[in-house]
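Here is a friendly walk through a two-part question: how do the pieces of this model meet, and what happens at a few individual residues? Please keep the structure open as you read.

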Amino acid sequence: MEHNIYIYIAVMALVTYAIRVLPLTLIRKEIKNPFIRSFLYYVPYTTLAVMTFPAILQETQTPAAGALALGVGVATAWRGMSLFHVACCCCAVVFIVEFIMVP
Amino acid sequence: MLWCIMMQISTENIDSVYTNSISSNVAAFRQGLHDGIPIGLGYFAVAFSLGIICRTSGLSVLQGFLTSLLNNTSAGEFAAITLIGQNASYTEIALVTLIANARYMLMSCALSQRLSAAQSFIHRLVIAFAVTDELFGIAISRPGVLNPYYYYGGMAVAIPGWSIGTACGIIAGAALPERIVSALSVALFGMFLAIIMPPARESRIILTVVITSFIASFAATYMEPLAQLTGGTRTIILTVVIAATAAYLRPVQSQQKEA
């Protein structure tokens, strides 16, 4: 059977939008339950940490570049550097390390 | 007479509140644009390689652009577009999209608690259009209630970066040099660190949560059976388990949440 690419795109877009829009529109009040409140409070830190490591080691051409960027990122972020600057530092570290290590 | 004066005072008040809120919305939008720049650049680089998959799967430049414009997902689009190349059924595409993107449901739930309860429906509909890992990240890093205009500032850079990057990838038919792709995609991880580290420094519990997440994620990536799962599913499982454990052991007091 031939499939229409625009229908494919519509299916993807609808499913994705439904996933995102349902919680944002259905949960309109502040959640009072202490457990769920606490759970949602911890979700961002957990999910961002899980997505960062070890993925950062796999995104670079050599894991050493990713590891060094992780170290620099943690250090600069810990010292309170802005989001933009931390991102730039990590970017620069990877660029320099790969420039030296990857022919 | 008195009534007139009162009316005048109250309109003046309304006016000043109105202008204040407009200027604070503009400031929030600008801040969002600023924080969105690394996101836009990172997206542009990654979207290039998505463009190549689009090309292999037979999508035209317009179709690839539309897909990215309407989806704003990375893993989800990679998976679905690869399947489109294999002439998959619509149901398969829906399922794969659902599985790859299910983590956004968790993020939207968390984000819902950062919006004012009075926040209008329309703002919720627009924000929902682009709940991505990175935009979610910068949004939750803002203190207090989220101003939608901050989010729109981020969207204004991130969405073009992603969709135009995809289109450029299809046109070029080749990825950007590896060096640029890895440097820019690590910039996105650097942002995540900038979001989680400062609160981890302030709070022992968050620090514990972050370290536990790092270790668990490392273990799950290389250990069976979790290593079999896709990255997205692994993220959901680990997030639910770790955040629920933390919530059970160390429930957050309401004052703490304000801070």
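Helices (H or I, at least four residues) are DSSP runs, numbered from the N terminus.

Domain 1 of chain B covers 28-195 and domain 2 covers 203-259, with bounds that come from an automatic or database domain assignment. Their C-alpha centres lie 23 Å apart.

A word on conventions: residues are numbered from 1 along each chain as its sequence is written, while chains are lettered from A and ligands numbered from 1 in the order in which they are written. As the model is predicted, local features need pLDDT of at least 70 and side-chain atom pairs count only at pLDDT 80 or more, whereas totals for chains, interfaces and linings use all residues.

## Where the chains meet

Turning to the two chains, 86 residues of chain B are in contact with 65 residues of chain A. Helix H9 (residues 178-202) of chain B gives the most to the chain B side, with 20 residues. That side divides into 56 nonpolar, 22 polar and 8 charged residues.

H9(B) itself deserves a look. Its 25 residues reach 37 Å from first C-alpha to last, close to the 36 Å expected at 1.5 Å a residue; the expected span is 1.5 Å times one less than the number of residues. H9(B) bends by about 25° at B:Ile196, and B:Pro198, a proline, follows within four residues. The bend is the angle between axes fitted to the seven residues ending at a residue and the seven starting there.

## Buried and exposed residues

B:Gly153 lies in helix H8 (residues 148-172) of chain B. Why does B:Gly153 count as buried? Because 24 other C-beta atoms lie within 10 Å; the cut-offs are 20 or more for buried, 12 or fewer for exposed, and partly exposed in between, with C-beta atoms placed from the backbone. Leaving out residues up to four places away in sequence, B:Gly153 touches several residues, including B:Ala28, B:Phe29 and B:Arg30.

In chain A, A:Gln58 sits in helix H3 (residues 55-58) and is exposed, with 10 other C-beta atoms within 10 Å. A:Gln58 and A:Lys29 are 29 residues apart in sequence and 40 Å apart in space, C-alpha to C-alpha.

## Backbone details in the loops

One runs from A:Phe53 to A:Pro54, with omega near 5°, and A:Pro54 lies in the loop between helix H2 (34-52) and H3 of chain A. Another joins B:Glu224 and B:Pro225, with omega about -5°; B:Pro225 lies in the loop between helix H10 (204-222) and helix H11 (231-249) of chain B.

B:Asn72, in the loop between helix H2 (61-71) and helix H3 (75-85) of chain B, has a positive phi near 50° without being a glycine. B:Asn72 is buried, with 26 other C-beta atoms within 10 Å. B:Asn87, in the loop between H3 and H4 of chain B, has a positive phi of about 55°, but B:Asn87 is exposed, with 12 other C-beta atoms within 10 Å.

Note on methods: Two residues are in contact if their C-beta atoms, placed from the backbone, lie within 7 Å. Helices (H or I, at least four residues) and strands (E, at least two) are DSSP runs, numbered from the N terminus. Ala, Val, Leu, Ile, Met, Phe, Trp, Tyr, Cys and Pro count as nonpolar, Asp, Glu, Lys and Arg as charged, and the others, Gly among them, as polar.
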